[in-house]
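Let's take a friendly walk through the packing and the charged pairs of this model. Have the structure open as you read.

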Amino acid sequence: MWRFQSNFFFCQNPRQFAKKIIFYCFLFLFAILIVRAFGIHKYFSGYVFMEWMVNYKGGFVRRGLTGEIFLYLQEHYGLDVYRIAQKFAHLTYLVFSGWYILKIKKCKKIMNCESLMAVLFLPSLVLFPLNDVNVIGRKDFLFLFGLLINLYFLQKTSTCIQLNSNLKASIDRYCHHLFFAYNLLSIPTALSHEAILFLSIPLNTIITATWIGAYFSKKEVLKRTFLIYFPTVSIAFLCLFFKGNYATALAICQSWQSYSHIHPNLAANCTEKLPEILRFFDISFKKLLLENLSKNVMRDRGLAFILWTTVFGANIIILMRASSQISIEAIENIQSKNPEDDRFSRSDSAMHILASFSFKYAFIPFLCSIVLYIVALDWGRWFFVIFISYIICCVSPALIQLETFSYSQNRWILRWLSPLYLPYSRAFIFLFRAQFVQKIYSVYSIGLFYTLFFVRVPHTNIQLNDLYRGLGYTFSRILSYVLNILGLN
């Protein structure tokens with residue numbers, strides 16, 4: 001069976017001691033960054049706060065639910081909504097990152113040291129908000145909680161695969177629970193940010209269709225998946241339709257005037273110039289496209305686009321290598337523990353299952369997010385959501401088990417997408433079987449170390465200094481700050 005090799009630093013040592021060192025070093029560095037971001041500097045951008053304060057004072061409009069809630073709390077209870085939004089933003093990130101770190105800890109036994117370092121230190125994953133603190137408080141994290149709910153119900157119901165219990169009853173229970181829980185969370189999320197349609201729904205529908213398809217026919221898969229996600233999808237499309245105009249933006253801005261004591265950003269003179277967060281309500285698709293081309297593609301004679309593709313390319317190579325090592329190890333473990341169970345795709349190689357897994361849970365969600373790269377400036381944010389979601393899928397044993405179990409049953413999904421899947425799978429299998437990285441591993445390891453500790457992925461407006469302002473730069477500044485306090489610098 002195909003094996004994923006690694007020669008990175010001391011990782012030839014099969015003992016778990018090296019991985020423990022990596023993990024606890026990460027915890028130490030992560031704790032310092034959290035104290036700096038939330039304890040000392042208390043980062044929470046005024047721009048981000050204003051996005052949470054968008055409301056329905058000018059009529060129903062996208063992203064207005066959170067503002068209605070916060071203004072209600074301010075008007076009726078006199079609460080400091082800025083502090084509430086800030087604490088909620090910090091708590092949301094802490095809850096998500098805590099879950100992510102615990103998940104990595106549970107799964108580190110199937111990782112080698114290189115993969116463990118990648119999923120912990122890569123600048124596009126859990127450290128992304130701490131490397132670019134303007135991301136802290138963004139509504140994107142709410143999209144990730146929908147995925148966690150989906151995987152939670154999948155884990156609870158997919159135990160029937162190992163127990164040989166009633167598969168139909170388990171899937172029925174999953175569909176029932178997911179319908180209520182997912183929509184209960186995601187409908188308010190869609191009313192808060194319509195990008196859920198591109199960053200969350202595609203991945204979740206693929207997971208659901210795969211689980212339902214483990215037993216039911218294609219027609220039943222399509223019907224059930226549609227019914228589960230229809231409420232959230234319909235609300236998201238509704239928000240896209242009610243995108244607002246100048247009058248809407250002006251009414252929202254004016255509604256903030258009496259709350260200028262909460263935060264100075266709310267005291268803008270609406271008639272002279274609308275706050276930046278509101279100007280997008282009255283901007284055409286053509287203007288959005290031209291602005292994106294100007295700032296993310298053509299800026300500095302195309303340097304911005306070269307920087308984006310370089311940073312994203314390095315992260316993708318490391319992500320795919322790490323995720324492949326994790327997934328292939330998990331798939332082979334599942335198959336080895338079920339040597340006589342025909343349900344676990346014994347006729348299919350682990351490599352083909354791996355190609356299907358990465359195609360469904362990384363490539364397709366990324367394609368669905370392309371529209372955001374065309375009309376929105378925050379390229380780093382979209383990249384973060386898509387690929388941290390994929391890593392979460394890779395470290396979810398229930399999903400790996402489902403893919404191995406249902407690969408043959410769900411091949412119709414790949415056949416329907418064959419114009420995309422066939423070239424993808426052939427290229428994927430060729431590249432990983434050829435093991436190009438192994439042939440230049442000394443060069444790759446330097447690039448890996450550099451990307452993990454020196455590259456910074458900004459949420460927007462990438463610059464040359466982002467190629468050296470990563471984790472190493474951040475800690476040099478923290479060290480200088482500490483030395484100044486101690487009077488040693």
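## Nonpolar cores

The largest nonpolar core has 136 residues, and Phe 121, Ile 207 and Trp 211 touch the most other members. Such a core is a set of buried Ala, Val, Leu, Ile, Met, Phe, Trp, Tyr and Cys residues joined through side-chain atoms within 4.5 Å; buried means under 20% relative accessible area, exposed over 50%, and partly exposed in between (1.4 Å probe, protein chains only). A second, separate core of 28 residues includes Met 50, Trp 256, Ile 262 and Leu 278.

## How the model is read

This is a predicted model: local features need pLDDT of at least 70, side-chain atom pairs count only at pLDDT 80 or more, and totals for chains, interfaces and linings use all residues. Residues are numbered from 1 along each chain as its sequence is written, and side-chain values use heavy atoms, leaving out hydrogens and water.

## Salt bridges

The whole structure holds 17 salt bridges (a side-chain nitrogen of Lys or Arg within 4 Å of a carboxyl oxygen of Asp or Glu). In one of them, Glu 194 meets Arg 63 at 3.0 Å, N to O. Glu 194 sits in the loop between helix H9 (167-192) and helix H10 (196-199), and Arg 63 in the loop between helix H2 (46-52) and helix H3 (65-77), so the pair ties together parts 131 residues apart in sequence. Helices are DSSP runs (H or I, at least four residues), numbered from the N terminus. Both Glu 194 and Arg 63 are buried.

Arg 299 and Asp 300 also pair, at 3.3 Å, N to O. Arg 299 counts as buried because its relative accessibility is 19%. Through shared partners, salt bridges join Glu 51, Arg 62, Arg 63, Arg 138 and Glu 194 into one network.

Methods
Helix = DSSP H or I, 4+ residues; strand = E, 2+ residues; numbered from the N terminus.
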